[in-house]
There are 2 protein chains.
Amino acid sequence: MAFQSELEVFRKFLKNQGMRYTPEREAIIKEIFSIHDHFDVDGLYISMRRKGLRVSKASIYRLIPLLIEANLIAEVFFDKGQTYYEHIYGHEHHCHLRCKECNKIEEFSDPRLKDLEKELSERFGYKILTHKLQVIGICSKCQAKEDSA
Amino acid sequence: MAFQSELEVFRKFLKNQGMRYTPEREAIIKEIFSIHDHFDVDGLYISMRRKGLRVSKASIYRLIPLLIEANLIAEVFFDKGQTYYEHIYGHEHHCHLRCKECNKIEEFSDPRLKDLEKELSERFGYKILTHKLQVIGICSKCQAKEDSA
DNA sequence: AAAGAAATTGTAACTCAGTATCAATAAGCC
DNA sequence: GGCTTATTGATACTGAGTTACAATTTCTTT
């Protein structure tokens with residue numbers, strides 16, 4: 001099957017669920033997939049307003065769980081109280097390495113985690129769905145700052 | 001050096017920081033370390049009230065960051081919006097396997113994660129501090145329920 | 001042991017992300 | 001085009017966590 005755009009995938013998802021495709025949803029999705037980085041609701045709302053796209057925050061908050069259910073985006077929690085999202089449709093599963101000081105994020109993936117999943121599945125009798133690994137450290141720039149301080 | 005109790009460690013920590021040891025702090029810490037499981041602020045507060053220990057929630061909220069800084073406890077996020085804590089003093093670092101349905105938690109640790117940390121450190125130039133791995137799946141009981149449903 | 005500086009407490013007000021309510025509107029099926 | 005029902009935006013609300021502040025307590029100094 002040919003690659004379908006996020007919009008196509010989502011239209012089908014909505015139809016399946018008896019839900020409706022609206023200009024507001026389209027605008028939000030287009031905005032989300034024009035950002036090639038992690039995003040949050042507030043940032044999304046502000047950047048849409050700047051472009052004159054008027055949708056309410058409530059609509060964004062209402063749309064996000066649908067996009068998650070449709071496997072287009074996923075939640076990422078970098079730190080307490082801040083919720084971010086990232087695209088997952090058409091992306092490899094990956095993990096995050098975060099600098100504790102400046103919050104810079106590096107992405108990586110590692111085949112050993114698949115092996116680990118398999119072993120855990122056998123050991124505990126779980127059906128494994130996914131994993132979230134966050135490695136926390138200090139990036140080289142911030143290390144340099146600390147040393148000179 | 002002999003094993004120091006959590007209370008001893010914390011008293012030293014407070015002294016180092018020019019902070020004071022109060023009956024409220026003592027009561028909260030004793031309560032925390034009498035729980036041998038993950039805990040949250042609300043649960044802690046309720047169980048202290050039940051025992052007639054009267055401390056304000058504000059004091060609990062104020063104490064927790066200190067216990068984290070003293071490396072006695074750590075935050076664990078099982079799911080959006082719920083903050084839990086666990087003891088880490090005198091415990092091996094471990095990761096969590098969580099059932100998406102019933103939220104049951106299994107703990108495990110794996111030496112490969114240390115190797116991974118080392119590789120990431122070299123590859124990205126980070127000084128690695130820690131990692132948090134959460135594996136999400138469906139436990140055997142919940143799988144059985146789903147099958148029969 | 002008393003005094004005094006400074007930290008801590010509890011209460012209550014506040015913040016902020018996210019949710020629920022509801023009347024007005026619009027999508028999608030006939 | 002008309003009708004059913006989902007969706008929207010505005011607004012009110014919720015709940016976790018924080019902050020301000022006056023009263024109290026710790027801890028150091030004498």
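I will start with the conventions, then take the domains of chain A, a few of its residues, and the helices of chain B.

This is a predicted model, in which local features need pLDDT of at least 70, side-chain atom pairs count only at pLDDT 80 or more, and totals for chains, interfaces and linings use all residues. Residues are numbered from 1 along each chain as its sequence is written, chains are lettered from A and ligands numbered from 1 in the order in which they are written, and side-chain values use heavy atoms, with hydrogens and water left out.

Chain A, then. Its domain assignment gives domain 1 as 6–87 and domain 2 as 95–148; such bounds come from an automatic or database domain assignment. The centres of the two domains, taken over C-alpha atoms, are separated by 25 Å. Seven residues from domain 1 and six residues from domain 2 of chain A make up the contact, where contact means heavy atoms within 4.5 Å.

Next, one residue in chain A. A:Ile28 sits in helix α2, residues 23–34. Helices here are DSSP runs of H or I with at least four residues, strands are runs of E with at least two, and both are numbered from the N terminus. Is A:Ile28 buried or exposed? A:Ile28 counts as buried because its relative accessibility is 1%; buried means under 20% relative accessible area, exposed over 50%, and partly exposed in between, with a 1.4 Å probe and protein chains only. Leaving aside neighbours within four places in sequence, A:Ile28 is in contact with A:Leu44, A:Met48, A:Val55, A:Ser59, A:Ile60 and A:Leu63. A:Leu63 is 35 residues apart from A:Ile28 along the chain, and their C-alpha atoms are separated by 8.3 Å.

Now backbone angles. Most residues other than glycine have a negative phi. A:Asn71 has a positive phi of about 60°, and A:Asn71 lies in the loop between α4 (57–69) and β1 (73–79) of chain A. A:Asn103 also has a positive phi, near 65°, and is found in the loop between β3 (95–99) and β4 (105–108) of chain A. A:Asn103 counts as partly exposed, at 40% relative accessibility.

On to chain B. Two packed helices are described by the angle between their axes and the distance between the axes. The axes are lines fitted to C-alpha atoms, for helices over the stretch in contact, and angles run from 0 to 180 degrees between N-to-C directions.

How do α2(B) and α3(B) cross, and at roughly what angle? The axes of α2, residues 23–34, and α3, residues 41–50, come within 11 Å and cross at roughly 110°. That makes α2(B) roughly perpendicular to α3(B); under 35 degrees counts as roughly parallel, over 145 as roughly antiparallel, 65 to 115 as roughly perpendicular and the rest as oblique. From α2(B), B:Ala27, B:Ile28, B:Glu31 and B:Ile32 meet B:Leu44, B:Ser47 and B:Met48 of α3(B).

Among the buried residues of α2(B) are B:Ile28 and B:Phe33. Elements covering the buried residues of α2(B) include α1, α3 and α4 of chain B. In α3(B), the buried residues include B:Leu44 and B:Tyr45, and the buried residues of α3(B) pack against α2, α4 and β2 of chain B. After α3(B) comes B:Gly52, with a positive phi near 80°.

Last, the axes of α1(B) and α4(B) come within 10 Å and cross at roughly 100°. These two helices are therefore roughly perpendicular to each other.
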